[in-house]
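Dear colleague,

I am passing on the structure we spoke about, and below it you will find my notes on what turned up when I went through it. Please read them with the model open beside you.

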Amino acid sequence: MRIRSNVIVSTFLVASAFAAAGALSYAAPPAGNASATDAPRPAPEFQGIDTWLNSKPLALDQLRGKVVLVDFWTYTCINCLNHLPSIQSWHEKYKDQGLVVVGVHTPEFPYEKSTSNVQSAINRLHIKHAVAQDNSYATWKAYSNSYWPAVYLIDKQGRIVYSHFGEGSYGATEKKIQQLLAEQPAVGS
């Protein structure tokens, strides 16, 4: 799992200061960190998207009644590439049952901001789901995200109910997708 480099440095400096004072023990998120969100919270809208690829622009309020998987990734991240087959499989397997997969491409390096580079990667990787190009990190920040890859599952009412950071927990994630798809939307949703 990769963390933005300036986040690492800032976190390291703050953690070092606290650790030196004996006040903090810093560790990366534990392996197998798939979790149901403690208290479901409204999912932030997609923000500051430069370009939509493989889709017209999407808005979460228009996706109510569907389950949405938001996948923060970048095309040079090996961890993202390792988990991509699962994302693609879920898209193919569940798209007709109400799952919408949105890959939020958030670049780590300047050349990853190029739409033509992202489009080339989409073609090379055979990505069929929607990709939102988040060059300004607006959606990344709205989700308070720090990791590549990061998966957020949004229920039919528009709430984040599950997240996972890094590779792994594919079985748990798919089980949660199935559970959310089986749920009936709340009355009035």
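Within what distance do the axes of helix 2 and helix 5 come, and at roughly what angle do they cross? This is a predicted model, and in it the axes of helix 2 (residues 78–94) and helix 5 (residues 170–182) come within 11 Å and cross at roughly 20°. Since angles under 35 degrees count as roughly parallel, the two helices are therefore roughly parallel to each other, and helix 2 passes helix 5 in a right-handed crossing. On the side of helix 2 the contact is made by Asn82, His83, Ser86, Trp90, Lys93 and Tyr94, which meet Tyr170, Thr173, Glu174, Ile177, Gln178 and Leu181 in helix 5. By class, this contact has five nonpolar, five polar and two charged residues.

Turning to the strands, strand 8 (residues 150–154) and strand 9 run antiparallel and are joined by five bridges, with Ala150 standing opposite Phe165 of strand 9. Four residues lie between the strands of this hairpin, in which Gly158 takes a positive phi near 85°. Strand 9 (residues 159–165) is largely enclosed by the rest of the structure, because six of its seven residues are buried.

Finally, there is Thr139, whose place is in helix 4 (residues 138–142). Thr139 counts as buried because its relative accessibility is 0%. Leaving aside residues up to four places away in sequence, Thr139 touches Glu45, Phe46, Gln47, Ile49, Phe72, Val104 and Asp134.

With best regards

Methods: Residues are numbered from 1 along each chain as its sequence is written. This is a predicted model: local features need pLDDT of at least 70, side-chain atom pairs count only at pLDDT 80 or more; totals for chains, interfaces and linings use all residues. Side-chain values use heavy atoms; hydrogens and water are left out. Buried means under 20% relative accessible area, exposed over 50%, partly exposed in between (1.4 Å probe, protein chains only). Contact means heavy atoms within 4.5 Å. Two strands pair if DSSP finds at least two bridges between them. Axes are lines fitted to C-alpha atoms, for helices over the stretch in contact, and angles run from 0 to 180 degrees between N-to-C directions. Angles under 35 degrees count as roughly parallel, over 145 as roughly antiparallel, 65 to 115 as roughly perpendicular and the rest as oblique. A crossing is left-handed if the near helix is turned anticlockwise from the far one by less than a right angle, and right-handed if clockwise. Ala, Val, Leu, Ile, Met, Phe, Trp, Tyr, Cys and Pro count as nonpolar, Asp, Glu, Lys and Arg as charged, and the others, Gly among them, as polar.
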